[in-house]
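Me: Can you walk me through how this one packs? Keep it quick.

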Amino acid sequence: MNSADNMKHKLSGLSREYQESLRKHLKEGSQTSLQPAQGLGRQAMSIGLETLNLARIHEQALSLLGPPISSPRTRDAMVRRAGTFFAKAITPIEETHRTARETNIHLDQLHQKLRQRGADLAAANRRLKQEIVLRRSAEQSLRKSEQHYRQLLEQSQHMQEQLRLLSRQLLSAQEEERKRISRELHDVIAQTLTSINVRLTTLKREASLNTRGLERNIARTQELVERSVNIVHQFARELRPSVLDDLGLIPALHTFLKGFMEQTGIRVSLSAAAEVNTVDNDKRTVLFRVAQEALTNVARHAQASQAEVKIEKFDGVICMRINDNGKGFQEGGALHAKKNNRLGMLGMKERLEMVGGNITIESKPGKGTTIRAQIPFANGRARSLAEKSLIRSANAGV
C-alpha cells in the first residue's frame, strides 16, 4: 500500500467513525456522546487534516445521516447538536493554531530583539575597534616607557653596585686605618711612656738620697704613667687587637670576651672549631668585628645576664651564632631600625657581604636574640675581574 492509498484508508476510516459518533450524538444529545468529538479532532490532526478538511467530513456525515427533519424545532435542535459536535471536534486543531499564532508572535518579538541586539553589537563592535586602536597606541607608549625605565633601572643597579663597592672599600680603609693607629699607639706612644717610666724610676732612686717629698711625687707620677700605659694598651686592643693578627681569631675573641665580661658583668661562653683560625685575614677580621658589634649591642640594649658565641664549620661554610637571654625585640626591623644600633647592624651586614657572607637575626620579645653569620670557608683572596673592574671605575669617579 502506497502513501496515497494509506491516506485514503485513514480518511475513510475517520469519516465512518465521525459519522457514527455524530449520529449517536444527534440521537442522544448528551455530554457523554459528545466526548468522542475531541478524539476525532486529534485523529484528524495526526494525519495532517486542517479545519476545512474536517468540515467537509462533517458535511458528508450530515448528508449521509438521512433526509432533513420536517419539524423546524427538531431541525434546529439537530443543527445545534451537530454544530456543538463539530466545534468540539475542531478544538484540538484550533488549539494548535492558537499555539502556533502565539509562537509566531513570540518569534516576531524575538526577531525584533535580535535585530536590536545586532544593532547594539554592531555599535559595540565599532567602539571596540576604536578602543583597540587606542590600546595599541597606549601599548606602544607603554613599551617605550618600559624600555626607558628599564634603562633607568639598569643605571640605578649599576650605581647601587658602585655604592656597595665604595662602602666595602670604606670599611676596608677603616680597618686598615684602625690597624695603623693601633700600631702607632703600641709601638710609639706606649714605648715612649715606658721610657718615661724607666727614667722616673732612675730619678726615684737618685732622689732617695735627698728628700722624701720628691720621692712621693715621683712615685705618683710613675703610677700615672703606668695607668696611661694600660689605657693606651686597652685603646690599642679596642682599635685593632694585635693578637688577632699574631695568634688568630679564637685567642682574639678570648681576650675580647675577658675584657667584655669584666666591664659589663655579662657571662659569655665561647666555643669554636679549630679550622676557623685557618681562614684569611679579611674573614678573620669580619668574624671578630661582627662578634664585637653583636655583643656591644647586647650590653647596650638586651638587658641580658649571659650570652653565647659559637663558631662551627660545615659544608664549606663557617657559621657563627651569637645568642643572649635578653629582652629581645619584634623581628623584622633590626636592619632598618631608626635607633642608634642601626649603623652597627648595617655594618655587620655589609662586612659579611664583603666576603660573600650573610646575616640573619631571630628575636622575640622576652625570648632573647640570636644572630647567625655565615661566610664561605674557602679563602678566595682574589676578587673576580668584573668586581675589580667596577672597583677601578668607582675609584676613577671619586
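Predicted model: local features only at pLDDT ≥ 70, side-chain atom pairs only at ≥ 80, totals over all residues.

Me: Which residues touch the most other members of the largest nonpolar core?
Reply: Leu-249, Val-268, Leu-295, Ile-311 and Met-320, out of 39 residues. A nonpolar core is a set of buried Ala, Val, Leu, Ile, Met, Phe, Trp, Tyr and Cys residues joined through side-chain atoms within 4.5 Å. Buried means under 20% relative accessible area, with a 1.4 Å probe and protein chains only.

Me: Which element gives the largest share of this core?
Reply: H10, with nine residues. Helices are DSSP runs (H or I, at least four residues), numbered from the N terminus.

Me: What else is there apart from that core?
Reply: Another core, of 20 residues, including Ile-47 and Phe-86.

Me: New topic. Is Ser-21 buried or exposed?
Reply: Ser-21 counts as buried, because its relative accessibility is 13%. Ser-21 sits in helix H1, residues 3–28.

Me: What is Ser-21 in contact with, neighbours within four places in sequence aside?
Reply: Ser-33, Pro-36, Leu-40 and Phe-85. Contact means heavy atoms within 4.5 Å.

Me: And H4 with H5, which residues make the contact?
Reply: Thr-51, Leu-54, Ala-55, His-58 and Leu-62 of H4 meet Ala-82, Phe-86 and Ala-89 of H5. By class, that contact has six nonpolar, two polar and no charged residues. Ala, Val, Leu, Ile, Met, Phe, Trp, Tyr, Cys and Pro count as nonpolar, Asp, Glu, Lys and Arg as charged, and the others, Gly among them, as polar.

How values were computed
Residues numbered from 1 in each chain as written. Heavy atoms only, no water. Buried < 20%, exposed > 50% of the residue type's maximum accessible area, 1.4 Å probe, protein only. Helix = DSSP H or I, 4+ residues; strand = E, 2+ residues; numbered from the N terminus.
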